[in-house]
Amino acid sequence: MNAPFESNQDGAFLADTHEVFNQPPALEDYNLYREDRALQEAVRREGAARAESELDVYGAITGRSDVIELGHSANANKPEFHTHDRFGHRIDEVRFHPAYHELMTMALEGGLHSAPWTDPGEGAHVARAARYYMHSQVEAAHCCPITMTFACVPALKKQPELAETWLPKILNRHYDPRNVPVSEKQAVTIGMAMTEKQGGSDVRANTTKAYPLAEEGAGKAYQLVGHKWFVSAPMCDAFLVLAQAPGGLSCFLMPRWRPDGTKNTMQIQRLKNKMGNVANASSEAELRGAHAWMVGEEGRGVATIIEMVAMTRYDCMIGSAAGQRQAAAQALHHCAYRDAFGGRLNQQPLMQNVLADLALESEGSVALTMRMARAMDQQDDPEERNLVRLVTAVGKYWICKRTPQHAYEAMECIGGSGLMEDCIMPRLLRESPVNAIWEGSGNVQCLDVLRAMNREPGVLDSFFAEVNRARGMNADFDAFTSELENEFRHSDNLEYRARNLTDRMALAIQASLLLRGDNQTVAGGFCAGRLRQRDHFQFGNLPDDVDCAAIIERATPSVED
């Protein structure tokens with residue numbers, strides 16, 4: 001028998017106070033694709049099976065411990081803003097931790113900003129969404145410039161002469177973070193700057209003025225004078241901005257450097273002090289005669305930039321769905337190893353109710369997100385175009401808004417250690433409100449749902465045609481969707497009821513997709529927990545006929561001890 005105390009060479013007693021046990025291994029060195037059945041099934045179902053081998057490789061990369069550590073390091077070291085160099089030259093430079101640059105390199109070399117544009121075809125958007133979904137689970141904040149670079153392409157194509165110059169460098173799978181003119185770079189990133197202090201989401205209240213340098217109109221050069229309240233990723237090489245031209249609010253491409261190689265007069269005032277999204281810099285800027293080119297028709301700035309906004313909203317769906325998956329994976333993994341109150345946590349009834357509910361939320365989110373990727377791949381089909389127009393707003397509203405509560409609940413499953421900053425959960429929680437607020441907050445999305453219904457005949461019919469493909473498969477679903485359809489027959493107070501209607505639209509299409517999917521246990525549990533019970537209450541209120549153990553087993557990632 002070992003003595004309880006041992007002495008060292010100086011005669012002092014040393015004691016081993018305890019043995020560490022009943023702790024899970026770190027959730028790392030696993031394959032994010034291979035250990036996510038819902039994602040695999042969605043990729044195959046929505047037409048991207050050809051990309052599975054590549055996604056499997058990327059799943060292994062994004063699950064590596066050294067790659068996961070990049071996310072922690074990028075968030076532990078905030079970007080630093082430098083107005084001038086040591087000689088007094090104005091540089092407006094934001095400097096990042098090396099981990100940020102490594103993540104940006106991974107994303108751009110992986111084509112997250114360009115793949116569907118350079119390699120279009122069946123499943124292109126689906127494959128890109130799956131890769132982005134895994135990448136975002138490593139670190140979400142740096143995905144902001146990736147998304148904006150990806151999303152700018154449809155808008156820039158409205159101005160062919162600008163597209164001819166800029167698109168080859170935008171689409172290049174290379175990352176060049178240097179603060180130098182575009183002429184010295186092989187690849188560039190693109191940002192967006194729309195909102196101003198007095199308007200926020202109401203961009204028609206913008207006061208920034210655009211003055212033509214010579215000729216007026218699309219593709220011509222202007223000087224911009226004014227301010228922008230939010231310029232995310234200010235180290236991008238150019239930005240799509242809105243400003244008041246003589247003919248009304250117009251869209252412009254504003255480079256960080258002028259064509260003659262001098263610094264453009266977009267002067268950063270300060271970086272935003274955000275509660276989350278730390279690794280990504282967001283800033284306030286003044287435009288002091290900044291050089292820019294008009295994109296699209298004069299006075300049609302919102303219509304021109306809205307295609308970029310629509311794509312960024314879609315990426316908000318991907319990012320929030322990814323946040324849900326990572327939060328659920330952390331909670332499920334923890335509870336698969338942790339014993340408490342006489343048993344394994346994931347085998348205890350009340351915890352099973354909570355864990356299964358978290359998993360169902362994640363399953364519904366990824367199903368809807370990947371279905372919208374297929375719709376984006378099929379824009380030659382009017383029905384698919386209608387779904388993109390309407391359901392992007394529905395999905396962006398619902399998935400992004402559900403994520404903060406989901407992140408908190410997953411954190412609570414882990415307990416006190418989940419609250420500690422050396423765990424990923426605080427970062428997931430701080431990141432979770434971002435996508436719901438940016439690119440149009442909840443009310444903006446709900447109003448956009450109504451706008452799409454009013455302006456584009458047929459979008460609601462396309463929505464219910466998609467939803468009703470699951471008719472007859474589940475009694476809870478049939479009753480819920482019949483009631484929802486009836487609600488749209490009453491046009492009174494639609495704006496007042498817009499959130500309620502959008503909530504139910506999101507649930508209806510998620511349930512339909514799951515019912516037509518690969519796992520009826522998940523589909524039945526989703527319908528029972530969200531459609532039969534019209535008020536979802538807190539997570540952990542599933543009816544007792546839901547097979548929680550099967551849902552948990554399916555969603556729990558496997559990691560070698």
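**Group meeting: a helix pair and some salt bridges**

Let's start with two helices: α2 and α6 are roughly parallel to each other. Roughly parallel means an angle under 35 degrees; over 145 would be roughly antiparallel, 65 to 115 roughly perpendicular, and the rest oblique. Here the angle is about 5 degrees, and the axes lie 9 Å apart. An axis is a line fitted to C-alpha atoms over the stretch in contact, and angles run from 0 to 180 degrees between N-to-C directions. Helix α2 covers residues 52-62, and α6 covers residues 124-138. A helix is a DSSP run of H or I with at least four residues, numbered from the N terminus.

A quick word on the source. This is a predicted model, so local features need pLDDT of at least 70 and side-chain atom pairs count only at pLDDT 80 or more, while totals for chains, interfaces and linings use all residues. Residues are numbered from 1 along each chain as its sequence is written, and side-chain values use heavy atoms, leaving out hydrogens and water.

Which residues of α2 and α6 make the contact? From α2 come E54, L55, Y58, G59 and T62. From α6 come A127, A130, R131, M134, H135 and V138. Contact means heavy atoms within 4.5 Å. By class, that contact has 6 nonpolar, 3 polar and 2 charged residues. Nonpolar covers Ala, Val, Leu, Ile, Met, Phe, Trp, Tyr, Cys and Pro; charged covers Asp, Glu, Lys and Arg; the others, Gly among them, are polar.

Next, salt bridges. The rule: a side-chain nitrogen of Lys or Arg within 4 Å of a carboxyl oxygen of Asp or Glu. How many salt bridges does this rule give? The count is 42.

Look at R554 and E363. Their N to O distance is 2.6 Å. R554 sits in helix α19 (residues 548-555) and E363 in helix α10 (residues 349-377), so this pair ties together parts 191 residues apart in sequence. Are they buried or exposed? R554 is buried, at 6% relative accessible area. E363 is buried too, also at 6%. Buried means under 20%, exposed over 50%, partly exposed in between, with a 1.4 Å probe and protein chains only.

Helix α10 also holds R371. R371 bridges to E466 at 3.1 Å, N to O. E466 is in helix α15 (residues 459-467), 95 residues away from R371. Both E466 and R371 are buried.

Now R45 and E46. Their closest N and O atoms are 3.5 Å apart. R45 is partly exposed at 27%, whereas E46 is buried at 3%.

Last, a network: salt bridges link R313, R389, D448, R451 and E456.
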